[in-house]
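This briefing is intended for a reader who is new to the structure shown below. Please consult the sequence and the model while reading the points that follow.

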Amino acid sequence: MLDQLVQLVRENAQETVVANPAIPNEQNDAVIGEATHSIASGLQDALANGNVKEVMGLFNSNGQVDSQNPLVNNISGNLISNLTQKFNLNSGAAASIAGSLIPAVLGSLVKKTNDPSDNGFSLDSIFGSLTGGSTNGVNLGGLLGKFGLDKDADGDVDMQDLVGMISNGAKQQQGSGGLGGLLGGLFGK
C-alpha cells in the first residue's frame, strides 16, 4: 500500500514540489516522502485515536476532499510543521504546498479506492496496512454505507466493536514502528 501511496504523491507533486523554486531539486524526493509519511501517519493516528468514522467518511466521499475537513486539516498541519522544521521552508510556502498537495492526494486516493476497475488500492488493504492487519477478513468496503449504525433489529454490524478493533490495531502498529520503518526503508532513511 505504501509503494502505491508514494506513487500517488509523486503524481500529484509535480507542480507543488518538483517545479517549486522554494524546494531545491535534491530535496524533492525527501519532501515527497514527508508528504507520504504525513498522509499515512495522519490516517493511522486518526484510527488509533478512535476517529474511525471520520476516516471512513473520507473514503465514503466521491473524491471531493474538502481542505477544511478536520482530518485533512490535521494531516496538512503536520506536513506544514515538518516542512518548516526539516526543510527550513517558510510557513507560507509550506502551507501552500500542503494546502494543494494533501487534498489532491487524498482525493485521488479516495477515487482510486472507490473505483472497481482500479485494483491498486482497496479500503481493506489501506486499513490493513494502517492497523497491522487487525481488519483482515472484514469487508470494510461493504460497511461504508452502514458506518455509524449500531447493531439493531436488522442485524447491522456493531460499530462500537469495529471502531475498537481498528483503533487498537492502529495503536499496536504505531507502537511497533511498522509504518515509520517501512516508509524509512522506501526513502533510504
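Helices (H or I, at least four residues) and strands (E, at least two) are DSSP runs, numbered from the N terminus. By this definition the protein has 10 helices and zero strands, and its pattern along the sequence reads α-α-α-α-α-α-α-α-α-α. This is a predicted model, in which local features need pLDDT of at least 70, side-chain atom pairs count only at pLDDT 80 or more, and totals for chains, interfaces and linings use all residues. Residues are numbered from 1 along each chain as its sequence is written, and side-chain values use heavy atoms, with hydrogens and water left out.

**Confidence**

- The predictor's confidence in each residue is given as pLDDT, on a scale from 0 to 100; the mean for the protein is 80, and 72% of its residues reach 70 or more.
- Confidence is highest in helix H5 (residues 70-87), at a mean of 96, and lowest in helix H10 (residues 178-186), at 49.
- Residues 147-157 stay under 50 in pLDDT, and the model has 21 contacts for them beyond four places in sequence (contact means heavy atoms within 4.5 Å).
- The pLDDT is also below 50 over residues 181-189, a stretch with 16 contacts in the model beyond near neighbours in sequence.
- Where pLDDT is low, the predicted coordinates should not be read in detail.

**Overall burial and contacts**

- Of the 189 residues of the protein, 44% count as buried; buried means under 20% relative accessible area, exposed means over 50%, and partly exposed lies in between (1.4 Å probe, protein chains only).
- Among contacts between residues at least 6 apart in sequence, 67% join residues at least 24 apart.

**Helix H3**

- Helix H3 covers residues 28-48, and its 21 residues should span 30 Å at 1.5 Å a residue, which agrees with the 30 Å between its end C-alpha atoms; the expected span is 1.5 Å times one less than the number of residues.
- In H3, 17 of the 21 residues are buried, so the helix is largely enclosed by the rest of the structure.
- Ser 38 belongs to H3 and counts as buried, at 1% relative accessibility.
- Beyond its neighbours within four places in sequence, Ser 38 is in contact with Ile 75, Asn 78, Leu 79 and Asn 82.

- Asn 12 is found in helix H1 (residues 2-12) and is partly exposed, with a relative accessible area of 24%.
- Asn 12 and Ser 100 are 88 residues apart in sequence, and their C-alpha atoms are 9.1 Å apart in space.
- Residues in contact with Asn 12, leaving aside its neighbours within four places in sequence, are Leu 101, Ala 104, Val 105 and Ser 108.
- Thr 16 lies in helix H2 (residues 14-18) and is buried, with a relative accessible area of 13%.
- Not counting residues up to four places away in sequence, Thr 16 touches Ile 23, Ile 97, Ser 100 and Leu 101.

**Packing of H4 and H7**

- Helix H4 (residues 52-59) and helix H7 (residues 123-130) pack at an angle of about 145°, with their axes 12 Å apart; axes are lines fitted to C-alpha atoms, for helices over the stretch in contact, and angles run from 0 to 180 degrees between N-to-C directions.
- Val 55, Met 56 and Phe 59 in H4 meet Leu 123, Ile 126 and Phe 127 in H7.
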